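User: I would like to learn how to read helices and chain contacts in a model such as this one. Could you take me through some features in turn?

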Amino acid sequence: MLQYLMILLDDTSTSYCHYNNKKSESKLISIEDLKAGIFFGMTENLMIQYVYPSHALPAEYEDVLESIDHSKIMPADNPNVDEADVVVFNDWKQMEGFSYSEGVSYVLRINKSDLFEQKVLIADTIEKTTKLNVVITDVESFCDEDFDTYKGVLQLWSEKLEKLYAEGKSPLLNLLTDRMQLEEMNNCGAGESNITLAPDGKFYVCPAFYQTNSDTIISPAFKAGSLEEGVHVKSSQLYKLDHAPLCRKCDAFHCRRCVWLNRKTTLEVNTPSHEQCVVAHLERNPSRQLLENIRKHGQFLTQQEIKEIDYLDPFDVKEEW
Amino acid sequence: MSDYIYSYRESGSSKNITFIVTKDCQLACKYCYLVGKNAKERLPWEVAKKAIDYVLNHEQDFQEESVVWDFIGGEPFLEIDLIDKICDYIKTEMFRLNHHWFNSFRFNFSTNGINYDSQKVQEFIKKNRQHLSIGITIDGTREKHDLNRIWKTKDGFSPKPEEEKGSYNDVVRNIPLWQEQFPGTGTKVTISSADIKYIKESVLHLYSLGIHEVNINVVFEDVWEEGDDKKFEEQLIQLADAIIDGEFYTDYTCSFFSENLGKPLDKKLQNQNWCGAGRMLAVDAAGNFYPCTRFAQYSLRDKKAWIIGNVHDGIDKNKLRPFLTLDRCTQSKQECIDCEVAEGCAWCQGENYDAAESPTVFERSTAICKMHKARVRANNYYWNKLYRKLELEGIAREEADKHVKKSNFQEPC
């Protein structure tokens with residue numbers, strides 16, 4: 001069931017996820033489409049999230065934007081970033097000297113190479129933020145050596161988190177603390193719980209299907225209707241968990257199950273790649289250990305149990321399911 | 001990426017590796033699903049060699065006990081010189097590499113039969129006889145065969161209706177030689193809307209040509225017209241009467257009639273996928289790999305080719321994951337899951353992909369639903385009538401197997 005409407009205010013609106021926005025020229029959503037999108041969200045009872053570009057919007061947009069309760073997702077270099085509910089760092093250098101605010105979520109989009117190099121910077125940032133979401137932008141390129149390196153990085157962050165929890169703090173790092181708190185899948189929900197309205201007045205399964213331009217991945221099939229026609233997600237069953245053979249049995253509940261990345265790597269929106277599965281499990285397993293370690297310092301999520309497993313890719317054990 | 005797909009040698013399993021040697025054919029069959037046939041795309045030797053090298057040098061990824069090297073077209077025997085070279089190379093390489101497929105392999109052909117008696121094809125047969133299977137497609141009576149299986153024009157196009165010329169004579173003259181060289185081999189018959197009315201006489205005609213096994217199926221594409229299911233059922237009941245009354249059942253089979261047909265399927269125990277796409281491998285002239293030939297561009301009407309790699313870079317195993325995790329219920333509508341006559345209802349993964357609302361293999365086409373139900377009713381009639389006849393002749397049901405030749409045919413894709 002749809003719950004959220006993401007509105008891309010401009011072609012250059014920031015990515016807050018795995019994909020890189022390939023659109024480099026500004027093209028604002030028209031005031032008319034913005035109003036129609038807001039009206040649609042109101043009539044369908046959807047929570048609206050505006051996704052901003054790096055530049056400020058014309059003054060005439062402000063009143064329209066504020067006509068409905070909403071969240072703001074802004075890149076860190078937007079001049080009005082202090083109004084954001086979610087701040088996106090598209091480059092780790094933007095984090096240096098940044099003034100973090102209480103109650104704001106921060107998204108760091110970073111490739112694996114920078115992630116491995118900046119693990120200490122990220123560890124230090126955990127302490128400064130209430131919620132830090134790290135999004136790896138080239139998960140599909142991980143090789144066995146990268147998996148090993150990533151394991152070490154997660155261990156470092158896990159130790160940092162344990163120390164902070166022992167001190168009575170409760171910072172959140174999506175890659176390690178989300179799984180500790182989840183009892184069922186909590187994925188991105190594109191095409192199922194959320195839909196995207198792009199500046200062209202059309203709905204898309206998610207922003208990536210509008211803002212990237214690969215012929216292999218992008219198909220008219222991922223257009224999901226228009227303001228005139230309403231939302232129509234083609235093959236909508238594929239976005240539901242029960243139609244994802246690998247994921248419906250999996251307990252890496254925090255995994256994004258990025259439908260765009262699935263489409264890019266396996267050609268199916270409901271099937272994750274080997275790399276996405278292994279990365280999610282490399283996060284899941286230290287989450288389990290972190291939960292146990294935090295409990296050594298006192299009572300913590302007492303009802304939660306994460307089982308020990310001996311695989312990293314559910315594909316390897318699919319015959320046993 | 002680790003070698004996680006084929007991690008053990010599967011006992012009794014077989015790998016199908018298909019060379020699309022040409023996209024050309026002498027015929028322009030009206031029901032042919034190959035929408036992109038042409039005379040230009042011929043498999044270059046260098047590409048074929050690279051494909052063989054890739055497969056044989058990645059033995060750990062191909063752990064099936066045996067291999068079937070398939071050659072399809074278009075019409076494969078148009079490229080007999082290339083095929084001969086490929087087969088020689090496969091044999092010498094399997095020997096040189098001490099590959100586990102050496103002495104556990106077969107070369108397989110589906111041909112229109114026109115060139116079957118040519119000197120080159122006959123020499124090839126003689127040379128590879130011990131590791132060879134060949135199926136010739138003949139659709140039945142002259143009328144039925146020539147209705148669909150017509151010669152294309154000299155310019156390579158489908159002829160105008162008034163210029164159509166059937167291929168029956170050019171094929172049937174080779175049937176005796178083929179049956180002599182490959183005794184017991186069945187033929188494959190395809191049924192579309194226009195030729196339903198010829199089913200009974202066509203099957204009997206094929207029996208009269210000495211073909212004991214008629215493997216027959218309706219096309220999976222959405223070509224069916226209102227009332228076709230009724231006509232189909234009537235034809236099958238007439239055929240059932242003819243087979244039983246003529247006592248053909250003792251020594252001939254027709255795959256339309258199967259005891260394992262038309263029962264409900266268990267959601268858990270019978271949830272496996274029907275189709276083998278993804279467990280097969282096909283390569284075309286461009287050197288691209290496909291999960292089966294039906295995913296090559298020349299087979300697809302509305303979708304892009306599903307390429308899983310190429311002879312240079314190898315197979316991208318991520319692109320096989322959907323096929324290897326696909327099960328019956330996930331791709332089926334609720335009415336199919338709950339269907340009380342589901343058993344034996346086949347599908348083609350490539351046609352599902354081509355017909356789906358979005359680019360997915362997880363959406364089963366139900367174009368043959370009414371035809372399957374008609375087949376089930378006729379099949380019930382066949383077995384009830386046959387067993388009653390045998391019973392009246394003093395043959396108990398548990399003894400019936402000794403008196404009835406049964407088809408082992410699996411619905412083709």
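Predicted model: local features only at pLDDT ≥ 70, side-chain atom pairs only at ≥ 80, totals over all residues.

User: Which residues of α5(A) are buried, and what do they pack against?

Analyst: The general idea is that an α-helix has 3.6 residues a turn, so residues three or four places apart point the same way. In this case the buried residues are A:Asp146, A:Tyr150, A:Val153, A:Leu154, A:Trp157, A:Ser158, A:Lys160 and A:Leu161, and the elements of chain A against which they pack include α4 (119-128) and α9 (274-295).

User: At what angle do α1 and α2 of chain B pack?

Analyst: Angles under 35 degrees count as roughly parallel. Here helix α1 (residues 45-57) and helix α2 (residues 80-96) of chain B pack at about 25°, with their axes 10 Å apart, which makes α1(B) roughly parallel to α2(B). The residues of this contact divide into nine nonpolar, no polar and three charged; among them are B:Ile52 and B:Leu56 in α1(B), and B:Ile86 and B:Tyr89 in α2(B).

User: How many residues does each chain bring to the contact between chain A and chain B?

Analyst: Chain B brings 19 residues and chain A brings 21. On the side of chain B that touches chain A, helix α9 (residues 321-325) of chain B gives the most, with three residues, and that side divides into seven nonpolar, six polar and six charged residues.

How values were computed. Residues numbered from 1 in each chain as written. Chains lettered and ligands numbered in written order. Axes fitted to C-alpha atoms, helices over the stretch in contact; angles between N-to-C directions. Helix = DSSP H or I, 4+ residues; strand = E, 2+ residues; numbered from the N terminus. Parallel < 35°, antiparallel > 145°, perpendicular 65-115°, else oblique. Contact = placed C-beta atoms within 7 Å. Nonpolar A, V, L, I, M, F, W, Y, C, P; charged D, E, K, R; others polar. Buried ≥ 20, exposed ≤ 12 C-beta atoms within 10 Å, placed from the backbone.
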